[in-house]
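Please open the structure in your viewer and keep the selection tool at hand.

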Amino acid sequence: MNIYEVIAEPDDEGIDRAVDALKGGKLVAFPTETVYGLGADARNGVAVASIYEAKGRPRFNPLIVHVADMKAAQTYGIFSSQASELADAFWPGALTLVVPRREQCGLSELVSAGLGTVALRVPDHPVARNLLKRFQGPIAAPSANPSGRISPTEAEHVAEGLGKSVAVILDGDACPLGLESTIIGFEDDGKAVLLRPGGIARNEIEAVLGVPLKDTDSGDGLKAPGMLASHYAPRARMRLNAGTPREGEMLLAFGSNGPKDVPGLNLSPSGNLKEAAANLFAYLHMLDDTGCGKIAVMPIPREGLGEAINDRLARAAAPRKSRS
Ligand code: TXA
Ligand code: MG
């Protein structure tokens, strides 16, 4: 049974039905000039967790946050002069900029997979733009395909792959570019790095910057996008599948069966994996920031989003050389 609504050539009224769905924490597929996106309110952690659940991503890759304009982008990210130049030149358009994330900016931590950066893009498509304008908020959206499948360039592709998970599909015909956005990150010294080739060519970007673009594999700067998700690691030692916390440990609990009256936080007292995913990165940061030095984590079931949660916890617990 299909429970989603397809709205063809949406006018303001149609867009407002999608806006209502987003406000209600539901998923909305929408066309951009690159590919269709699977959107959720980027400030709503549980809604963002639904994106990962719907795509069946076994890992928490950070997501692109779509905004209406540069002014909105600046409320979430900090733009260097190079980043601003690129935004001026290519927004709205098929360019995503990964910039330092503003503290307390209101975005869910799951959007950035716990990293200190956020990927921002102002899309150039009448439907996407009208959706952002009427929603008046940030929309987190990866390509609207199940994990491992090709990106959708038509509403029908979305319905085939993700019809079970979306509330509304805005049908804006075929995406004109049909290729994902180019992703640019910045090294600590401000140098622009190509993280993913896409709709805007390297030479167009180099023409604006006046210098050659660095590649991800050119030295020990930024890592390829998917890998960056493993970069944030707590300073604290992590002990997984723990029953009771030992002396000096904080407990990251899950469900209602844990030990009572021990210091720590509970990812989801009711044992809801979506809620746990939404809280994961924020709680890891909070426990780490207490300076406790040791975090014990209760077992978390591996079904559904539990796979990505366990993947992330295993990475955080793995021995590591540098702790940046
Ligand atoms: O054209 C596009 O970019 C489409 C449309 C919907 O906007 N979106 C898209 O999203 O392709 P997605 O999730 O399929 O790819 C986003 C890429 C991922 O490889 C992710 O790792 C990277 O962006 N990314 C997101 N945030 C990042 C961050 N903070 N640091 C590094 N890479 C990031
Ligand atoms: Mg994708």
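Where is the place of Asn241? Before selecting this residue, please note that the model is a predicted one. Asn241 sits in the loop that runs between β12 (237-239) and β13 (250-253). Its relative accessibility is 53%, and Asn241 therefore counts as exposed, since exposed means over 50%. The backbone also deserves attention here: phi of Asn241 is near 50°, a positive value in a residue other than glycine.

**Second stop: Ala113**

Select Ala113, in the loop between β5 (95-100) and β6 (117-121). Although Ala113 is not a glycine, it has a positive phi of about 50°. Is Ala113 buried or exposed? With a relative accessibility of 0%, Ala113 counts as buried, because the term buried applies under 20%.

Move to Pro92, which is found in the loop between α4 (81-90) and β5. Display the backbone from Trp91 to Pro92: the peptide bond there is cis, with omega near -5°.

Now select residues 12-23, which form helix α1. At 1.5 Å a residue, these 12 residues should span 16 Å, and the end C-alpha atoms of the helix are 16 Å apart, which agrees. Next, colour the buried residues of α1, namely Gly14, Ile15, Ala18, Val19, Ala21 and Leu22. Looking down the axis of α1, one finds these buried residues within an arc of 160°, so they line one face of the helix.

Just after α1, select Gly25, which takes a positive phi of about 80°.

Tyr4 has 18% relative accessibility and so counts as buried. Leaving aside residues up to four places away in sequence, Tyr4 touches Ala159, Gly163, Val166, Ala167 and Ile169. Draw a distance from Tyr4 to Ala159: they are 155 residues apart in sequence, yet 8.7 Å apart in space, C-alpha to C-alpha.

Asp188 lies in the loop between β9 (182-186) and β10 (192-196). At 88% relative accessibility, Asp188 counts as exposed.

**Last stop: the second largest pocket**

The second largest pocket has a volume of about 660 Å³. Its lining comprises 37 residues, of which Arg57, Pro62, Ile64, Ile183 and Arg196 are the closest to its centre. Select these five to bring the pocket into view. The elements that give two or more residues to the lining are β4 (64-66), β6, β10 and α8 (225-228). Which element provides the largest share of the lining of this pocket? That share, 4 residues, comes from β6. Finally, colour the lining by residue type: 18 of its residues are nonpolar, 13 polar and 6 charged.

Methods
Residues numbered from 1 in each chain as written. Chains lettered and ligands numbered in written order. Predicted model: local features only at pLDDT ≥ 70, side-chain atom pairs only at ≥ 80, totals over all residues. Heavy atoms only, no water. 1 Å grid on protein atoms, 1.4 Å probe; cavity = no way out; pocket = protein on both sides within 12 Å on 5 of 7 lines; lining within 4 Å. Points joined across faces, edges and corners; volume = space filled by probe spheres on them. Nonpolar A, V, L, I, M, F, W, Y, C, P; charged D, E, K, R; others polar. Buried < 20%, exposed > 50% of the residue type's maximum accessible area, 1.4 Å probe, protein only. Contact = heavy atoms within 4.5 Å. Expected span 1.5 Å × (residues − 1). Arc of directions from axis to C-beta.
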